[in-house]
Amino acid sequence: MTNIAAAARKHAPIFLVAAFALVSPAQAQKPGGSITVGQELEISGFDPLKVGVFDSSGFTAAAAIFDTLTTLDDKGGAAPKLAESWTHSDDYKTWTFKLRKGVKFHDGTPFNAQAFKENFDRQKDPANKCRCAFYITNVKEVLAPDEYTVVYNLTDPSVNWPAVISIQSTNNVVQSPTAWKTKGDDYNRNPVGTGPYILKSWTAGDRMVLEKNPDYWNKGHPYLDRIVLKPLPDAQSRFASLQSGEADIIWDDENDADNIMKAQKDSKLTVHTYKGSGAQVYAFNTKVAPFDDVRVRQALVMAIDRPKMSQAISNGLSRPASNPYGDGSWVKCKDDGALPFDVEKAKALIKDYGKPVEFKMLVTATPRGRMIGQVLQQFWKRAGANMEIEQVDQATIPSRAFTRQFQMTPWRIVDLADPDPQMYANFRTGSPLALAGLADPELDRLLDHARVTADIGQRTDDYCAISRLINKEAIWFWTFQNTYYALSSAKLKGFPKIYNSVIDVSNTWLE
């Protein structure tokens with residue numbers, strides 16, 4: 001690896017997945033025992049062609065059943081997992097990974113470069129129409145020149161690619177080609193990976209049982225004998241299961257502020273919090289009125305009182321955002337160009353616009369979605385704008401957004417190990433994800449430059465300039481930073497940071 005790549009890796013942000021057990025925790029690990037995880041949702045399956053992407057519950061299971069090529073060390077740099085080392089071309093468009101030898105899938109078949117390539121090709125094949133393919137459009141091809149070498153050829157430079165592919169997504173986890181070929185449609189509920197745990201049983205609506213992989217390549221791991229995953233959609237029931245000892249760890253979020261505060265006061269429980277990068281965001285469609293006028297967009301952004309909004313929806317737990325990066329990112333801006341909260345200025349801008357400001361905003365048909373919509377509705381009414389709430393199923397929002405059937409839509413910039421993939425996709429002219437529809441040559445120039453230099457200082461300058469430009473044009477706005485929560489028994493040890501919202505219990509143990 002070149003010095004420039006090492007420097008990029010050294011300064012990479014601490015996102016996505018927890019450092020695997022290649023780095024020993026300070027506490028003494030105790031083998032044996034079983035834990036139960038209370039999850040928000042029933043897992044829909046594991047076959048990328050069936051599920052497209054994993055949700056928060058699927059990520060937890062995937063982190064235990066499968067492995068990825070890379071992970072992140074305790075400082076956030078890319079570290080070896082199924083890949084032992086890697087190099088890149090001078091233009092950062094080709095990355096070559098040398099694989100770990102002697103690794104086998106749970107079905108006894110060998111993990112090698114060909115198996116990895118088959119995973120990629122299956123998702124990329126247009127005939128398979130996998131929703132997962134959308135997330136690998138920047139990968140031209142994956143090659144397997146020999147048994148233990150994988151080569152990524154990218155369409156554009158990526159200076160931080162090893163860290164980017166560390167998340168346990170459908171695109172990155174490695175599944176057994178033999179298993180999906182022999183099991184057919186049944187594979188979705190019978191996944192086979194190389195990970196520390198093997199699927200033992202799965203009763204729909206009740207529980208999934210994972211048991212320790214006795215032949216795991218990382219000797220001495222995992223520690224637990226068994227992990228039980230239980231879907232508990234009701235937040236109060238989930239918290240009650242933790243209090244009673246039925247569950248050892250549960251997923252939670254800011255909407256359950258009361259439970260989080262109760263757990264903080266209970267010496268038998270531990271609150272795990274991760275302040276991730278990215279933000280909860282909203283996009284204006286600048287191709288339709290009234291958002292084809294910058295004055296209207298700026299007025300609505302300046303009318304939002306984020307601290308008051310945080311108090312209304314999460315008892316103050318939500319952390320206001322002024323840029324798309326957040327405190328969890330290595331991008332730190334002295335000046336991000338955030339528009340101030342100023343209702344009088346907002347009123348003046350709308351008056352200067354000279355026409356009624358009326359529009360619809362998409363929100364999820366959930367209590368949280370409705371509450372957020374109502375709070376924003378009140379803010380904007382004070383400034384002289386009338387917003388109608390349009391409630392839709394959460395699964396409908398991406399399709400409405402991609403086809404530009406919206407005036408304003410919610411979105412999210414998630415934690416990734418590098419800002420480039422999302423910032424480039426969300427704001428580069430011509431991108432199918434550039435929801436605002438603004439074409440700006442200076443914005444394009446900054447986005448292009450930020451992805452081809454490995455100098456952290458230069459990249460920070462570029463991304464801060466990008467934030468200033470987006471805030472000035474008000475094509476998107478940011479409400480709150482990403483914060484993730486898990487509540488656990490104080491006896492559960494070794495739980496890592498909740499990178500990219502993944503509740504990863506694959507390397508935990510009981511005290």
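Reply: A salt bridge is here a side-chain nitrogen of Lys or Arg within 4 Å of a carboxyl oxygen of Asp or Glu. The model is a predicted one, and it holds 22 salt bridges.

One of these joins R451 to D156, with the closest N and O atoms 3.2 Å apart. R451 sits in the loop between helix 15 (441-450) and helix 16 (456-473), while D156 sits in the loop between strand 7 (149-154) and helix 5 (161-164), so the pair ties together parts that are 295 residues apart in sequence. R451 has a relative accessibility of 8% and therefore counts as buried, the limit for that class being under 20%. D156, at 27%, counts as partly exposed. Both residues also belong to a network of salt bridges that includes D420.

A further salt bridge brings together the side chains of K50 and D185, at 3.2 Å from N to O. Because K50 lies in helix 2 (residues 48-51) and D185 in the loop between helix 6 (177-183) and strand 8 (197-203), this contact links parts 135 residues apart in sequence. K50 is partly exposed, at 47% relative accessible area, whereas D185 is exposed, at 60%.

Between two helices, the side chains of R295 and D352 form a salt bridge of 3.0 Å, N to O. R295 is located in helix 9 (residues 294-302) and D352 in helix 11 (residues 343-353), so parts 57 residues apart in sequence are tied together. R295 is partly exposed, with a relative accessible area of 25%, and D352 counts as exposed at 51%.

Technical notes. Residues are numbered from 1 along each chain as its sequence is written. This is a predicted model: local features need pLDDT of at least 70, side-chain atom pairs count only at pLDDT 80 or more; totals for chains, interfaces and linings use all residues. Side-chain values use heavy atoms; hydrogens and water are left out. Helices (H or I, at least four residues) and strands (E, at least two) are DSSP runs, numbered from the N terminus. Buried means under 20% relative accessible area, exposed over 50%, partly exposed in between (1.4 Å probe, protein chains only).
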